[in-house]
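Please read it alongside the sequence and the model.

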Amino acid sequence: MASSPDVTSSADNTPENPESGSAVRRGRVRLRRAAVMAVPATFVAAGLAVLTAQGALGVQFAISGMPFVVTADRLDGKGFEQFGALDHMIKDSPNEGDTGGQVLVITSVVKDGTITNMCQSVDLGGIQLILTAGTGSKPVSVSNLAIDSDVITGDAEFNGIEIGGDSSEFNKGGVKGPAGVYGQQADTVVIKNLYQHNYAATAAVFKLPGLHMSFSSEGCKQ
């Protein structure tokens with residue numbers, strides 16, 4: 001499969017996102033409470049029909065409900081999985097809006113990967129916290145990465161892909177998804193022009209050469 005169509009959703013958080021016109025949910029927080037959201041994430045895949053999921057999740061903690069954007073020129077991964085999941089906020093979270101504290105997401109897993117020219121931004125209520133890394137000769141490197149997104153776009157190429165499997169039986173990325181949930185897995189994946197609208201991420205290792213953090217009036221551009 002040389003490439004796949006973009007995966008999109010109704011959520012959005014920056015004017016640069018191509019899915020304009022969607023409702024934007026932003027938590028109003030003071031900078032001292034926002035602190036540093038320095039756990040970037042990144043991942044994609046295309047051609048996935050997301051089903052409501054219950055059970056095991058790639059990311060297992062209460063999300064803040066404040067989404068963050070990740071863009072990258074290129075992502076190369078070995079051991080890829082993807083399946084639907086449901087993330088939860090704390091009870092009576094100020095960021096739950098009309099979601100009831102739950103967000104339907106796509107969990108993307110990469111066992112080992114590199115990310116070239118990565119940018120992460122989060123809207124802190126009128127100001128953007130920007131993180132960049134892997135912009136020089138050394139890309140960002142990750143292992144056992146799991147990231148929950150509700151919007152993913154890019155140009156994707158998979159090798160050894162299996163589409164439509166039960167995510168609880170997956171074995172290529174090291175994470176098992178919920179039983180009875182549709183998903184896909186592949187030996188390798190390459191994604192160019194990556195854009196993600198994310199809610200959570202975990203990784204066993206995240207190496208960020210050339211790390212730079214700052215505040216800006218604009219977030220990461222696609």
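Two strands are said to pair if DSSP finds at least two bridges between them. Strands (E, at least two residues) are DSSP runs, as are helices (H or I, at least four residues), and they are numbered from the N terminus. The model is a predicted one: local features need pLDDT of at least 70, side-chain atom pairs count only at pLDDT 80 or more, and totals for chains, interfaces and linings use all residues. Residues are numbered from 1 along each chain as its sequence is written, and side-chain values use heavy atoms, with hydrogens and water left out.

- Strand β1 spans residues 68-88.
- Of the 21 residues of β1, 16 are buried (under 20% relative accessible area; exposed means over 50%, and partly exposed lies in between, with a 1.4 Å probe and protein chains only), so β1 is largely enclosed by the rest of the structure.
- β1 pairs with β3 in the antiparallel sense, over four bridges; in this pairing T71 stands opposite C119 of β3.
- β1 and β7 run antiparallel and are joined by 14 bridges; R74 has K192 in β7 as its bridge partner.
- β1 and β2 also run antiparallel, and 14 bridges join them; here Q82 stands opposite S108 in β2.

**Strand β5 and its partners**

- Strand β5 covers residues 140-159, and because 15 of its 20 residues are buried, it is largely enclosed by the rest of the structure.
- Strand β2 (residues 102-116) pairs with β5 in the antiparallel sense over nine bridges, with S108 opposite I147 in β5.
- Twelve bridges connect β5 to strand β7 (residues 182-202), again in the antiparallel sense; F158 stands opposite V189 in β7.
- Strand β8 (residues 205-207) pairs with β5 in the antiparallel sense over three bridges, and S141 stands opposite K207 in β8.

**Polar contact at Q82**

- Q82, which lies in β1, counts as buried because its relative accessibility is 0%.
- The side chain of Q82 makes a polar contact with the side chain of S108 at 2.7 Å.
- A polar contact is a pair of N or O atoms within 3.5 Å; within protein, one must be able to donate a hydrogen and the other to accept it, and residues adjacent in sequence count only if both atoms are side-chain atoms.

**Aromatic pair**

- The structure holds one aromatic pair.
- F80 and F158 form this pair, which is tilted, at 5.7 Å centre to centre with 40 degrees between the planes.
- The pair links distant parts of the chain, with F80 in β1 and F158 in β5, 78 residues apart.
- Rings of Phe, Tyr and Trp (its six-membered ring) pair if their centres lie within 6.5 Å; planes under 30 degrees apart count as stacked, over 60 as edge-to-face and the rest as tilted.
- F80 and F158 are both buried.

**Disulfide**

- One disulfide is counted, a disulfide being a pair of cysteine sulfur atoms within 2.5 Å.
- C119 is joined to C220 with an S to S distance of 2.0 Å, and the link is left-handed, with -80 degrees about the S-S bond.
- C119 lies in strand β3 (residues 118-123) and C220 in the segment after β9 (212-216), so the pair ties together parts that are 101 residues apart in sequence.
- Both C119 and C220 are buried.

**Nonpolar cores**

- The largest nonpolar core has 25 residues, and those with the most contacts inside it are F80, I115, M118, V122, V140 and F158.
- At least two residues of this core come from each of β1, β2, β3, β4 (128-133), β5 and β7; the largest share, six residues, is from β5.
- A second, separate core has seven residues, including I63, A85, M89 and V105.
- A nonpolar core is a set of buried Ala, Val, Leu, Ile, Met, Phe, Trp, Tyr and Cys residues joined through side-chain atoms within 4.5 Å.

**Loop residue G174**

- G174 is found in the loop between β6 (162-166) and β7, and G174 is exposed, with a relative accessible area of 66%.
- The C-alpha atoms of G174 and E81 are separated by 8.5 Å, while the two residues are 93 residues apart along the chain.
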